Amino acid sequence: MKKKVKVEKRLKMSKFERLLYTLALFLLVISPISVVFSKATLSKINFEVEKQKKEIEAQRKKNESIAMTIDELASLTKIQEVAEQQGLSYNNNNIKTVQDEE
């Protein structure tokens with residue numbers, strides 16, 4: 001009787017092949033992690049942009065309100081009112097019109 005001896009042949013990988021397999025495995029693991037990280041970063045940036053837009057809109061409304069207040073305070077009736085409170089009077093004869101010559 002002959003005994004059958006199983007001979008296992010083992011393929012030897014070169015250093016370059018091992019490096020390629022290691023690199024492929026590394027990329028396979030890192031790719032999903034980098035996608036999640038980049039999406040989280042993008043989400044954070046979008047949140048900050050929306051926050052800045054709200055702040056800009058609030059400042060714009062505040063500026064409009066201040067401009068309206070300035071217009072009210074610069075009106076002729078308000079100027080006459082303040083002048084009367086200070087003891088001054090409005091005399092149309094003392095007003096001189098200056099025209100710009102072009």
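Tutor: Happy to; let's begin with Arg60, which is partly exposed with a relative accessibility of 38%. That class sits between two others: buried means under 20% relative accessible area and exposed means over 50%, using a 1.4 Å probe and protein chains only. Before going further, please keep in mind that this is a predicted model, in which local features need pLDDT of at least 70 and side-chain atom pairs count only at pLDDT 80 or more, while totals for chains, interfaces and linings use all residues. Residues are numbered from 1 along each chain as its sequence is written, and side-chain values use heavy atoms, with hydrogens and water left out.

Now for the partners of Arg60. A salt bridge here is a side-chain nitrogen of Lys or Arg within 4 Å of a carboxyl oxygen of Asp or Glu, and by this rule the protein has four salt bridges. One of them joins Arg60 to Glu57, with the closest N and O atoms 2.2 Å apart. Another joins Arg60 to Glu64, at 2.3 Å from N to O. Together, Glu57, Arg60 and Glu64 are linked in a network of salt bridges. Helices (H or I, at least four residues) and strands (E, at least two) are DSSP runs, numbered from the N terminus.

Glu50 counts as partly exposed, because its relative accessibility is 42%.

Next, follow the helix to other positions. Lys39 lies in helix α1, which covers residues 15–73, and Lys39 counts as exposed because its relative accessible area is 58%. Leu28 is in helix α1 as well, and at 63% relative accessibility Leu28 is exposed. Leu28 belongs to a nonpolar surface patch, together with Leu23, Leu25, Phe26, Leu27, Val29, Ile30 and Ile33; the patch has about 790 Å² of accessible area. Areas come from the Shrake-Rupley method with a 1.4 Å probe, and for residues only the protein chains shown count as cover. Patch residues have over 30% relative accessible area and no salt bridge; nonpolar side chains (Val, Leu, Ile, Met, Phe, Trp, Tyr) are joined within 5 Å, and like charges within 9 Å.

Finally, step back to the whole chain. The protein has two helices and zero strands, and 0% of its 102 residues count as buried. The C-alpha trace spans about 140 × 35 × 15 Å along its principal axes. The C-alpha atoms of Lys39 and Val98, 59 residues apart in sequence, are 64 Å apart in space.
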